[in-house]
Amino acid sequence: MSTAIKRGFISDSIQNAATELNVTEDDAFMHWFYSVLFDADLDEVPDDELVDGAGERQIDIFKIEVDDSSQSVHIRLIQVKNTQGFSANTVSLMKVGIEFIFLAKQAEYKDNPNVKLVEKIENARELIRQYGNNSVSVSCYFVTLGDEADIAEEAIANKGNILRDFSDSGVFASFDFHFIGVNELDRINNLRRNRVRQIDANIPIVYDANRPSIVEFDTGGVRSVLCTVKGSDLAKLAQTEPRDAIFDANVRGNLGLGGQVNKSIYSTATSDEKSDSFWYMNNGVTMVCDSLSMVRDPDAPSVRVEKVQIINGCQTTSSLRSAFEDEKLKDDVKVQVKIYESHDFEFVNNVVIATNNQNSIGSRDLHANDEIQQLIQRKIDEDFGLFYERKRGEAKSAGVPKSEVIGMEKAGQAYLAIFKNQPTVSRAQKYKVYSPEFYNDIYGKAQPWQLAASHEIYRFAETRGRRAYRELAPDDPSRNILNYGVFHICRILWWVLENELDLDPRDEAAAMAVAREENDSLETAYDRANNILFEVVNKNNESLINLNNYFKKAQSQQNINQYLQSQLDQAAEN
């Protein structure tokens, strides 16, 4: 019954998406799943990542993510079917499609009628050449409205065939295959919708009144406890419903998708020989809470916590939970746990940063409460009545329409492209807007109006690029330029406004009027920027099929700089 109820809720969401997007329910399911898995709005699902159609090879979504900070690539291949089962034949055909992506000869895959799939294969193979296959992770998903408990043995066997050929070979850093049904869809959807959820708990601890087994420390208004918790008790804490709510404040998160369970942690926790050494071999878990109290009952010692969150140790805890649920977790597994009690959000934020500073992912969230970000938010609101969104999701919570929102991250990327003339960094290395190299130069030195204007110019160009990708023919040479070269177009567009349309770059009111489309200047500059970029691409003999990669290379912005300088030189001569 619960499966049927969940399926009903999800079907309602799919029907609403179909109405909103004016598409079939099959297409709506694909868009809806993308939006849920990757935390995107329905109308922001990238068209170039939806390869559904003729020649798709049983791949509906083909997403490639590059993290230059870790020199790694993550490829996701997703088949979405609006059915209530998991067809073994579909899994078999997905295997053929995966083989086509990674094994087909160039002449064969280029002959495929699905232009978007060909583009993605080209991009994937170039990235494999660039980063090496052992830096590439591949995740495959077969998504339906079926019940994961009812998957046929033949479908499971076909999945095993895929893993045997691609995972067991050790060619990739990792290769996994997931069946995603109605239960997992419901869990992920709830996780996305409930970002902040309260967890109160009574955590049993290992305690001996006759020897020091806990450390309590108070300083600066913060209470803390250092203690030891059995692995099974930590696993049970992670099972607290709503599932994964305990990880909401962890910057890395734990969706249970997109990567393998940490094999080393799992292996140690389930090993007859190593499990009793887990305490020494693991870095432990860090928690924050609003309130904590010690219970020193010799028979049932514990720490009572309110509004607790695991801010570091997500992988440790989720791996222990997996071992516990697999009934393989050894009883002698113990974990070091640090718990901080504080109502000071700045303190908590600093702890999150300090305990997760090895990971660039989530940097936007870590900087959301910086004083400079708060000042930018206030200034943009006062001067232009626009909402500068520092924290993910705060505009939606406040009921602010999208047209009035200036996104912090996108504003930084656009500013870097427009005012710092580095569109390639904006396109391929967005994490750098938070790096020591750029963060202060962008958010610390930019005028708030420049961030707002940059964001609005980007929004204008990005909307038109997405429209072009949908509406123009696959063989139209401008299609990929407009879609992949958005940041480069923005950089050129501002140059056109300054140098050809005589916009005073110091006049913030005039600049915002242009950026907000209060006159025809933006449209004129956009058309001119498109023409310039088209000439740059042609002049440098770039293959239109590889433009996505071209715009990620420094050479593209160097070519633009040279072209624009030549235009200035010609104007000076005349």
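Begin by selecting Asn123, which at 1% relative accessibility counts as buried, where buried means under 20% relative accessible area, exposed means over 50% and partly exposed lies in between, with a 1.4 Å probe and protein chains only. What you have open is a predicted model, in which local features need pLDDT of at least 70 and side-chain atom pairs count only at pLDDT 80 or more, while totals for chains, interfaces and linings use all residues. Residues are numbered from 1 along each chain as its sequence is written, and side-chain values use heavy atoms, with hydrogens and water left out.

**Along helix 5**

Asn123 belongs to helix 5, which covers residues 115-131; helices (H or I, at least four residues) and strands (E, at least two) are DSSP runs, numbered from the N terminus. Leaving aside neighbours within four places in sequence, Asn123 is in contact with Ile64, Asn548 and Asn549, contact being heavy atoms within 4.5 Å.

Now move to Tyr131, which is also placed in helix 5. Is Tyr131 buried or exposed? At 12% relative accessibility, Tyr131 counts as buried. When residues up to four places away in sequence are not counted, Tyr131 touches Val66, Asp68, Gln71, Ser72 and Val73. If you also select Ser232, which is 101 residues from Tyr131 along the chain, you will find their C-alpha atoms separated by 39 Å.

Next, display the open sheet of four strands, whose order is 1-2-3-4 and whose pairing is mixed; two strands pair if DSSP finds at least two bridges between them. Strand 1 (61-67) and strand 4 (174-180) stand at the edges with a single partner strand each, so one side of each has no neighbour in the sheet. On average, neighbouring strands of this sheet are turned by 15 degrees against each other, direction ignored.

Within the sheet, select strand 2 (residues 72-80) together with strand 3 (residues 136-143), which pair in the parallel sense over eight bridges. Val73, one of the residues touched by Tyr131, stands opposite Val136 in strand 3. As you look along a strand, remember that in a regular strand the side chains alternate between the two faces of the sheet.

**Two helices side by side**

Select helix 3 (residues 88-103) and helix 6 (residues 153-166), whose axes come within 7 Å and cross at roughly 15 degrees, the axes being lines fitted to C-alpha atoms over the stretch in contact, with angles from 0 to 180 degrees between N-to-C directions. That angle makes helix 3 roughly parallel to helix 6, a term for angles under 35 degrees. Among the residues that make the contact are Val91, Ile98 and Phe102 of helix 3 and Ala155, Ile162 and Phe166 of helix 6.

**Two hairpins**

Strand 6 (residues 215-219) and strand 7 (residues 222-230) pair in the antiparallel sense over five bridges, and Glu216 stands opposite Val225 in strand 7. These two strands form a hairpin with two residues between them, and Gly220 in the turn has a positive phi of about 55 degrees.

For the last stop, select strand 9 (residues 291-295) and strand 10, which pair in the antiparallel sense over five bridges and are joined by a hairpin through six residues. Ser302 is found in strand 10 (residues 302-306), where Val295 stands opposite Ser302. Ser302 is buried, with a relative accessible area of 2%, and the side chain of Ser302 makes a polar contact with the side chain of Asn202 (2.8 Å). A polar contact is a pair of N or O atoms within 3.5 Å; within protein, one must be able to donate a hydrogen and the other to accept it, and residues adjacent in sequence count only if both atoms are side-chain atoms.

Note on methods: Angles under 35 degrees count as roughly parallel, over 145 as roughly antiparallel, 65 to 115 as roughly perpendicular and the rest as oblique.
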